[in-house]
Amino acid sequence: MAHLGAQSNSKCTVYFWDKDRLSNLPDSLLCHILSFLSTDGAVVTSILSSRWKTLWTLVPKIDFQDTSIRGRSVSPLRILYSVLAQHTTPILSNFTLSWRSPCDSSHFDNWVDTAILRNVQTLDLHFECGQLFELPHTVFHCKTLVGLELYGEIELDLPPSFQLPSLKILRLCEICYTSDNSFSSLCSACPNLEDLTVIYEFIVGNVNIVSFKISLPFLKRLRIDFISFDTEPPDYKLEIYAPILERFRFFGYLSNMVFLEKLAHLIEAHFIVCGLGHVFEMCYSDKVFKIVRALNSSKFLELFPGDVECIGSGYIYPSMFQNLVRLNFKVTQSNWHVLQSLLVVAPNLEVLVLDKHYYRKNQLCWMEPPDGSGCLSSRLTTFNFNGFEELGHEAEFIKYILKEAIILNTITIKVSALHSKESVLKKLSMFPRHSTTCLLTVEIDDSLE
């Protein structure tokens, strides 16, 4: 760890070794530096000098991945037990364990219990080794636990009564639940939770959860991913009570979702509906637009309301999006009218980004509103269109933006390599512009087909 310096003159360069300044730092600072490494990486530093030999054992963090040490003469199992035996810090700020090797469930219990005995604050478990591991009940009685992340082949079988009063962050990613109310019961036992992530896969043939209840008065961030590979969308009910929610993300199949309290504090929302839903279910669009209307307090909104014909019967009015300053909209041939409705009710919009999600369908998608019936934000300064294909309705929309946006500064059009950006720029430059300072650019995006 010595520092190599140099002095030079016209004839030669003389190198010299400076003393090891890093090793002279106090233990607390060195441990902080080592905390940015995985445990495997921190252990390697023990060979630097006697000063470093035991420093890694004082780092209040264990971050262990069995895949990073496969192929060595000693098994990952033995190495992990050796690490736990030598690690001496009484309080673990973080215990992260990623495991893909076959092992007995008793080892899983021992590792987790060891972390709990060390008053762990953040417990992060990723298990993908072809078998289920039941989370030890000691976790549900850990009063020091601030963050809990469970991923993969971990099963939740909750004790009859428990509380996690210190838990602020909870991430449940594709794990298993022993009963339909396991998820809701866990949420209710975390009264001070501020950040919740749920990634749940509905599996054909399994007993899936059909009722999700989130009642968390201090929740600020919520992410929900509902995944299904079935031809029929899942049927579930999701109730959310989060009166001070600031950031919301939903991705996946939409069934029955309801917010029990107005989201008055919402800052950022991402609402991405996937799959076709029940194409013939007329109330499907009502479900979609009920959620869209509930997000009307957000300042930043990413929206993809789905791609089914029944979306055409939905509406946003009378909800107003007074706070909305940035809109990212994934547009298809079926939801242009949703975009048009949003532009009417977002008087303070500054940035509009369109991502096109259909290919070469030159049907009637966008219609300029009659004079006096439309109202594009007078504050719009930036407009991006990703995936422009020179279709008639796409050009008409750009023409509308150029004509109505009073203070537009930049408009960026991205096309695939199949198009000539010079030709596209020439055609679009012919449209009249309300803003004399607007800069129009066309770019080739290699990610576009």
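A residue is called buried when its relative accessible area is under 20%, exposed when that area is over 50%, and partly exposed in between (1.4 Å probe, protein chains only). Helices (H or I, at least four residues) and strands (E, at least two) are DSSP runs, numbered from the N terminus. The model described here is predicted, so local features need pLDDT of at least 70 and side-chain atom pairs count only at pLDDT 80 or more, while totals for chains, interfaces and linings use all residues. Residues are numbered from 1 along each chain as its sequence is written, and side-chain values use heavy atoms, with hydrogens and water left out.

Nine helices and 23 strands are found in the protein. Of its 449 residues, 47% are buried. Contacts, meaning heavy atoms within 4.5 Å, can also be sorted by how far apart the partners lie in sequence. Among contacts between residues at least 6 apart in sequence, 65% join residues at least 24 apart.

In helix H7 (residues 336-344), the buried residues are Trp 336, Val 338, Leu 339, Leu 342 and Leu 343. These residues sit on the same side of H7, because they cover an arc of only 160 degrees around the axis; the arc is that of the directions from the helix axis to the C-beta atoms. What lies over these buried residues? The cover includes helix H6 (284-294) and helix H8 (392-404), together with strands S18 (300-304), S19 (326-331), S20 (351-356) and S21 (382-386).

Helix packing comes next. Two packed helices are described by the angle between their axes and the distance between the axes. Axes are lines fitted to C-alpha atoms, for helices over the stretch in contact, and angles run from 0 to 180 degrees between N-to-C directions. For helix H3 (residues 76-86) and helix H4 (residues 105-117), the angle is about 25 degrees and the axes are 12 Å apart. H3 and H4 are therefore roughly parallel to each other, given that angles under 35 degrees count as roughly parallel, over 145 as roughly antiparallel, 65 to 115 as roughly perpendicular and the rest as oblique. The contact is made by Leu 77, Leu 80, Tyr 81 and Leu 84 on the H3 side, and by His 107, Asn 110, Trp 111 and Thr 114 on the H4 side. Sorted by class, the contact of H3 with H4 has five nonpolar, three polar and no charged residues. In this scheme, Ala, Val, Leu, Ile, Met, Phe, Trp, Tyr, Cys and Pro count as nonpolar, Asp, Glu, Lys and Arg as charged, and the others, Gly among them, as polar.

Some loop residues deserve a look at their backbone. Most residues other than glycine have a negative phi, and most peptide bonds are trans. Asn 119, in the loop between H4 and strand S5 (122-127), has a positive phi of about 60 degrees although it is not a glycine. Asn 119 counts as partly exposed, at 36% relative accessibility. Glu 390 is located in the loop between S21 and H8, and its phi is positive too, at about 65 degrees, although Glu 390 is not a glycine. With 28% relative accessibility, Glu 390 is partly exposed.

Val 44 belongs to helix H2 (residues 39-44) and is partly exposed at 48% relative accessibility. Its C-alpha atom is separated by 8.9 Å from that of Trp 56, 12 residues apart along the chain. Ala 85 is placed in helix H3 and counts as exposed at 65% relative accessibility. Ala 85 and Thr 57 are 28 residues apart in sequence and 9.5 Å apart in space, C-alpha to C-alpha. Leu 418, in the loop between strand S22 (410-415) and helix H9 (421-428), is exposed with a relative accessible area of 68%. Between the C-alpha atoms of Leu 418 and Ile 444, 26 residues apart along the chain, the separation is 9.0 Å.
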